[in-house]
Amino acid sequence: SCRDGLPFFSKVQSRMTQQTCFAFCLSKGFDVFGVLLGMECRCGASRANKAAWHMEKPRVDLLFPIDNLQRCSETRVLKVYRYTGHFEAGAVPSAVIGLHEEDLTYIDSVRAGYLRAEESAEDGDWG
């Protein structure tokens, strides 16, 4: 699917712009983002965004597959972009991030591959 590699957040609106999607994903701490069908914003992370992966090696199935660029771009279904600014300690600048507790639990659940309890995610319990 053209959503592969953009697994974290989704925001839908009738006319999704690149700028709106960029601001949304960056505020969640993600540096890769795509606009699907001109209506859906999807967020992902590159290997350079180490904070998105808790400074660990990312799961390959969560990374954006490069072959999606050609396959999904040719049909104009998906346009993918990447933040090219500086990273602070392996993360997008903290000044642009606006995460809430439920966002952190959701991100940890996606990264882990299963729904995590709020307390476990909060405490960093990866068991």
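Tutor: Start with C21 and C41, which are joined by a disulfide with an S to S distance of 2.1 Å. Keep in mind that this is a predicted model.

Student: What makes the pair C21 and C41 a disulfide?

Tutor: The cut-off for two cysteine sulfur atoms is 2.5 Å. C21 and C41 have theirs at 2.1 Å. The pair links distant parts of the chain: C21 sits in helix α1, C41 in strand β3, 20 residues apart.

Student: Why is the disulfide of C21 and C41 called right-handed?

Tutor: The torsion about its S-S bond is about 80°, so the disulfide of C21 and C41 is right-handed.

Student: How many disulfides are there by this rule?

Tutor: Two. C25 and C43 form a disulfide too, with sulfur atoms 2.0 Å apart. This pair also links distant parts of the chain, C25 in helix α1 and C43 in strand β3, 18 residues apart.

Student: What is the handedness of the disulfide of C25 and C43, and why?

Tutor: Left-handed, because the torsion about the S-S bond is about -85°.

Student: Why is C25 called buried?

Tutor: Buried means under 20% relative accessible area. C25 has 0%, so it is buried. C43 is also at 0%, so C43 is buried.

Student: What about E40, buried or exposed?

Tutor: The relative accessibility of E40 is 10%. The limit is 20%, so E40 counts as buried. Leaving aside neighbours within four places in sequence, E40 contacts several residues, including R3, M16 and V35.

Student: How do you know that E40 and R42 make a polar contact?

Tutor: Their side chains are joined at 3.1 Å. The cut-off for N or O atoms is 3.5 Å.

Student: Why is β3 described as largely enclosed?

Tutor: Five of its five residues are buried, so the rest of the structure largely encloses β3. E40, R42 and G44 point one way, C41 and C43 the other. In a regular strand, side chains alternate between the two faces of the sheet.

Student: What makes β1 and β3 a pair of strands?

Tutor: At least two bridges are needed. β1 and β3 have three, and they run antiparallel.

Terms used:
Residues are numbered from 1 along each chain as its sequence is written. This is a predicted model: local features need pLDDT of at least 70, side-chain atom pairs count only at pLDDT 80 or more; totals for chains, interfaces and linings use all residues. Side-chain values use heavy atoms; hydrogens and water are left out. Buried means under 20% relative accessible area, exposed over 50%, partly exposed in between (1.4 Å probe, protein chains only). A polar contact is a pair of N or O atoms within 3.5 Å; within protein, one must be able to donate a hydrogen and the other to accept it, and residues adjacent in sequence count only if both atoms are side-chain atoms. Contact means heavy atoms within 4.5 Å. Helices (H or I, at least four residues) and strands (E, at least two) are DSSP runs, numbered from the N terminus.
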